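The sequence and the coordinates come first.

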Amino acid sequence: MSTHQQGDAFENLLREDRRFPPSAEFAAAAVAQPALYEEAREQGAEFWAGQARKLLTWDTDFTQTLDWSDAPFAKWFVGGTVNAAYNALDRHVEAGRGDRVAIHFEGEPGDTRTITYAELTEEVKRAANAFESLGVQKGDRVAVYLPMIPEAVVTMLACARIGAVHSVVFGGFSADALRSRIDDAEARLVVTADGTYRRGEPRAPQPAGAGALARAGHTVTNVVVVRRNEQPVEWTEGRDVWWHDVVDGASAEHTAVPHDAEHPLFILYTSGTTGKPKGILHTTGGYLTQTAFTHLNTFDLRPETDVFWCTADIGWVTGHSYVAYAPLVNGATQLIYEGTPDTPHQGRWWELVQKYKVSILYTAPTAIRTFMKWGREIPQQYDLSSIRVLGSVGEPINPEAWMWYREVIGGGNVPIVDTWWQTETGAHMIAPMPGVTATKPGSAQVAVPGIAIDVVDELGKPVPDGSGGYLVIREPWPSMLRGIWGDPQRFKDTYWSRFDGMYFAGDGAKKDDDGDLWLLGRVDDVMNISGHRLSTTEIESALVSHPSVAEAAVVGASDETTGEAVVAFVILRGSAKDDDDIVTTLRNHVGKEIGPIAKPRNILVVPELPKTRSGKIMRRLLKDVAEGREVGDATTLSDPTIMQQIAVSLRK
């Protein structure tokens, strides 16, 4: 497609005339002020040097801010030494903040723990001593396969304290997925649990953990098991030990050892297009700096008074950056919840907001749309007046969900920060600042201060306002990935080969007439219909804006005439009728909202959408249905029977 065609194709997409500036009171007292952008523009990379020294306690000051001589492999804060666990824990205790609550933990069954910074510091020191007693040394890899319980954060920080590299694997993944990650990282230790709770039932991740080690040839010497719900445990004598046996009795004296700023902090695996997961490598100094900076400024954080709740699981990068690290580095109080939003009832989240007086809520559009489907009457039963900032993460948020979030959860006057970033970027890259930006429903809007974002055409040239193309990052940033574990060439090929000298995120984006950024999803979610590039996100937003539709997913299906055709899968609201009229109505609605070119060829009414355990819609499976193929592997779905339900509903 030519640059001209591409620009034209995006011209009418994602228009938004509504603006929501911060109140004068909020703007005047905001942590991030307009001067922050000017400071970042004027200082370049040195802006981050100032932030690093302001936000972190360094054992040895760095002598060079950025070494980009071996691009695309960056070194930030060269010569500096720092310890992540010390910055998250000890320094707060030393400063007299040991009695501040670090974590409010709420288990799904309703059990609770309140952990102060002093208590968390002691627990991490015990865990560090316990891991070292099992032979874990600096540089060793530790696989973490835990539910959302405090021991997950303790384990990560204990690894960081020692200098071991943690590799957290989402507790919903299979034994094979866990084993592949253990093998790739050559993990020495596995930390798991005897179980967790999910939708009111005890679940047992440990047998899957044990199953991962059933075959010979792994590098694991010990498995530490947290007792959570006393599910049956597959035990190997001499290898497996209970957490309470090795951690609870360990010494609470442990000195945090300083590590080089570029010392590996963690590996986190993300899906690869070639099938084999990519081990994304993050290091210490730059990652801590940018996560702490964005947590402080994006959310207008007041550590002394705020209660922060990021709902992400520890198994994803959001749970790393905005649960395990940044909130604690910034000395904040946060809520960690083990369970699902609908257990034991659909008001569970709002009950927790009311109970803990949550002031900053950070969650995913998938969750917001689910709450919309359940109805505003549920959150309206609770006191949500403590909330003062709302955040969105994980995928583009459609304007209707954005408005519902603002009106129903935020009371109509709370800033929403829609954040774009990736496992690879480590921290926010695009986000409005709540006291500075007049926000727009559905748009992530502006680059974080100090970040060089652009939208380019096929040739890598910047597109003008009002046009769309490919989202790129032009300059290195502190929390950027330092490579793919064990495969430097794959790192270059995957992220740096599409455009010369620029990181290509794999996402499409549009700059609107104001120059604000709209994320269009992965480029393989941008369809080419008769030479026009159409975003699945845009069409999904149009469908969900209709009062009959609760949720929608759109895929492109092969079409002899147009190259690709739009196929939509929709869940109707309870009052809507599933008949031919609704399909015609919705096709015409999309045509009216976007244009005739965007009308779905087919709209299929389904009972549910196929989602992974992290809430992402598996469009690959829907594409199989749309193109009449046998449906591919559905084992990673939260409910593998969904595809059968879809097939049954389509036969009807």
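The numbered points below take the aromatic rings, then the charges over rings, then the backbone.

1. Basis of the note. The model is predicted: local features need pLDDT of at least 70, side-chain atom pairs count only at pLDDT 80 or more, and totals for chains, interfaces and linings use all residues. Residues are numbered from 1 along each chain as its sequence is written, and side-chain values use heavy atoms, with hydrogens and water left out.

2. Aromatic pairs. Rings of Phe, Tyr and Trp (its six-membered ring) pair if their centres lie within 6.5 Å; planes under 30 degrees apart count as stacked, over 60 as edge-to-face and the rest as tilted. The count by this rule is 34 aromatic pairs. Phe 47 and Phe 293 are edge-to-face because their ring centres are 5.6 Å apart and their planes stand at 90°. This pair links distant parts of the chain, 246 residues apart: Phe 47 belongs to helix H4 (residues 46–55) and Phe 293 to helix H11 (residues 285–298). Helices (H or I, at least four residues) and strands (E, at least two) are DSSP runs, numbered from the N terminus.

3. Buried means under 20% relative accessible area, exposed over 50%, and partly exposed in between (1.4 Å probe, protein chains only). Phe 47 is buried at 1%, and Phe 293 is buried at 1%. A further edge-to-face pair is formed by Phe 499 and Phe 504, with 5.5 Å from centre to centre and 90° between the planes. Phe 499 is buried, with a relative accessible area of 3%, and Phe 504 counts as buried at 11%.

4. Aromatic cluster. One aromatic cluster is formed by Trp 68, Phe 73, Trp 477, Phe 491, Tyr 495, Trp 496 and Tyr 503.

5. Charges over rings. A charge sits over a ring if NZ of Lys or CZ of Arg is within 6 Å of the ring centre and within 35 degrees of the ring normal. Arg 227 places its charged end over the ring of Trp 242, 4.4 Å from the centre. Arg 498 lies over the face of Tyr 470, 5.3 Å from the ring centre.

6. Cis peptide bonds. Ala 71 and Pro 72 are joined by a cis peptide bond with omega of about 10°; Pro 72 is in the loop between strand E1 (64–70) and strand E2 (73–78). Another cis peptide bond joins Thr 343 and Pro 344, with omega of about 0°.

7. Lys 357, although not a glycine, has a positive phi of about 55°. Lys 357 is exposed, with a relative accessible area of 58%.
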